[in-house]
Amino acid sequence: MSRIEIVEKNVLKVYQKENPSIHYILENDKKKKLREKNLKNLIFENLKFPKKMFEKANLIDIGAGTGDTAIFFNNWGADCTLMEMNKYALDRAKKIFKKISKKNTRNKFINASIFKKNLKKKYDIVTSIGVIHHTASPKIALKKISKLVRNDGYLILGVATDEGFFQRNLQRYIISLFTKLDNYEEVEKIAFKLFKENILRANKFGGRSIKAIVFDTYINPQIKGLSFFDIVRTLGKNFSYHSSAPKVNLFSNFDSPLSYKSDYFYKLKNLTNVSGLLMASNSENHLIKFKNLNKKLKNINDVHSKIIKLFSNFNQNSKINLVNFNKDIKKLNKLIKNYNILDDIFLENKKYNQELSNLSLLLNGKLNIHKFSKFIKNCKVLFKKSSGLGNNYYVFKKN
Ligand SMILES: C[S@@+](CC[C@H](N)C(=O)[O-])C[C@H]1O[C@@H](n2cnc3c(N)ncnc32)[C@H](O)[C@@H]1O
């Protein structure tokens with residue numbers, strides 16, 4: 001058996017015990033509405049990929065699971081092909097499509113692994129959400145998936161990054177100190193004792209059952225993240241970046257949009273990687289962080305605006321006060337010299353680093369689950385909220 005097949009077999013075993021993707025959209029109308037609302041928010045709003053793109057599109061969803069995602073692509077107008085290696089998941093997908101697929105759409109189901117099936121057909125839209133990081137080779141999987149996109153077609157990808165998954169990998173490690181990760185009952189018990197807050201939160205906002213969350217986060221034997229740069233490199237020159245959520249590029253290109261190349265994130269590689277640091281520590285404090293930054297930037301903005309105003313609507317009759325101009329330029333230089341923007345981007349970085357080093361002390365001491373439980377409860381950043389980022393989503397266009 002190849003490495004790819006071994007991983008497939010192990011992942012499948014876990015998924016057949018507890019399916020990770022059921023959102024109960026047939027059984028519970030409220031959950032169906034929540035699922036569609038979340039997907040609309042993700043795809044139309046955050047990824048800027050409008051609904052009309054799905055109308056009459058030929059779409060393939062790779063690793064479609066129980067179809068709880070693809071069914072909405074279908075409801076928005078796409079003819080869907082669902083490829084999934086788990087037969088039981090696909091059976092449920094068929095049931096969902098039979099009950100609530102859009103009239104006059106044609107849908108197909110393929111029970112196969114992405115590594116084994118070679119499709120000749122190309123699609124307008126190829127989607128794969130939460131799949132390739134559960135394979136032995138996310139890069140080979142991505143390469144195979146990308147070949148299914150037609151020219152001028154789109155790839156919508158949801159994938160874990162190692163940075164985003166860092167805290168959950170720490171959680172997996174901590175749990176593994178007290179039980180084997182394939183001991184389902186024990187893992188569930190320990191995960192719930194130590195990380196109850198994260199699990200309940202994921203249940204509340206994501207709509208999956210507690211059991212499904214525990215299985216997908218802690219028991220799943222393969223979660224190998226793929227970085228943004230790995231993705232761009234693997235896709236190669238034929239693909240151009242369209243959008244990401246959360247945004248991978250903190251800093252934008254402010255050249256004329258008519259002339260800039262979309263690969264400026266390469267040129268700003270270290271700045272682009274700042275988003276990885278934020279994913280690892282906490283992805284949810286942008287507002288607090290930017291409020292502080294906003295306050296700090298007030299003085300710089302005030303002086304800069306004064307300088308701009310001096311020259312606003314300049315014409316033959318305008319008089320420029322060069323004394324003021326000189327004074328304000330000096331003021332601005334001084335303010336900028338005393339000010340380091342990076343300090344403000346990492347609002348909680350000190351706390352996060354402190355908690356990480358406390359955790360490392362704890363890991364080096366005598367293992368005691370109550371000590372861990374107490375430590376985790378007292379953390380302010382580490383293991384709080386969603387404990388890092390689950391999936392990063394991207395849209396790429398094939399040229
Ligand atoms: C976390 S689930 C995500 C399901 C679905 N895409 C969603 O968003 O709800 C991952 C799915 O990928 C499938 N999968 C994993 N490796 C695969 C492979 N090599 N080929 C096809 N499907 C695969 C699993 O069986 C599982 O259903």
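I began with burial: of the 399 residues of the chain, 34% count as buried. I took a residue as buried if 20 or more other C-beta atoms lie within 10 Å of its own, exposed if 12 or fewer, and partly exposed in between, with C-beta atoms placed from the backbone. The model is predicted, so I noted its limits: local features need pLDDT of at least 70, side-chain atom pairs count only at pLDDT 80 or more, and totals for chains, interfaces and linings use all residues. Residues are numbered from 1 along each chain as its sequence is written.

**Overall layout**

I looked up the extent of the chain, and its C-alpha atoms fill a box of roughly 75 × 60 × 40 Å along the principal axes. I found 18 helices and seven strands; these are DSSP runs numbered from the N terminus (helices are H or I, at least four residues; strands are E, at least two). Among contacts with a separation of 6 or more, 75% join residues 24 or more positions apart. A contact here has C-beta atoms, placed from the backbone, within 7 Å.

I then checked the domains, whose bounds come from an automatic or database domain assignment. Domain 1 is given as 3–164 + 220–241 + 389–398, domain 2 as 285–339 and domain 3 as 344–378. The C-alpha centres of domain 1 and domain 3 lie 35 Å apart.

**Strands**

I followed the pairing next, where two strands pair if DSSP finds at least two bridges between them. E2 (79–84) pairs in the parallel sense with E3 (residues 108–111) over four bridges. Thr 81 has Lys 108 in E3 as its bridge partner. With helix H4 (residues 87–100), E2 and E3 make a right-handed β-α-β unit. Right-handed is said of a crossover if, with the strands pointing away from the viewer, the path from the first strand over the helix to the second runs clockwise.

E4 (residues 123–129) and E5 (residues 149–159) are also parallel, over six bridges. Ser 128 stands opposite Leu 157 in E5. Leu 155 stands opposite Phe 396 in E7.

**Around the ligand**

I counted 24 residues around the ligand, the closest being Ser 21, Gly 63, Gly 65, Met 85 and Gly 130. Helix H1 (3–17) and strand E2 are the elements that give two or more residues to this shell. H1 gives the most, with three residues. The shell divides into eleven nonpolar, nine polar and four charged residues. Here Ala, Val, Leu, Ile, Met, Phe, Trp, Tyr, Cys and Pro count as nonpolar, Asp, Glu, Lys and Arg as charged, and the others, Gly among them, as polar. A residue is near a molecule if its C-beta atom, placed from the backbone, lies within 6 Å of it.

I looked up Leu 322, found in helix H15 (residues 322–337). Leu 322 is exposed because 9 other C-beta atoms lie within 10 Å. Its C-alpha atom is separated by 52 Å from that of Thr 161, 161 residues apart along the chain.

I also looked up Leu 389, in the loop between helix H18 (369–378) and E7. Leu 389 counts as buried because it has 24 C-beta neighbours inside 10 Å. The C-alpha atoms of Leu 389 and Arg 172, 217 residues apart along the chain, are separated by 15 Å.

Conventions. Two residues are in contact if their C-beta atoms, placed from the backbone, lie within 7 Å.
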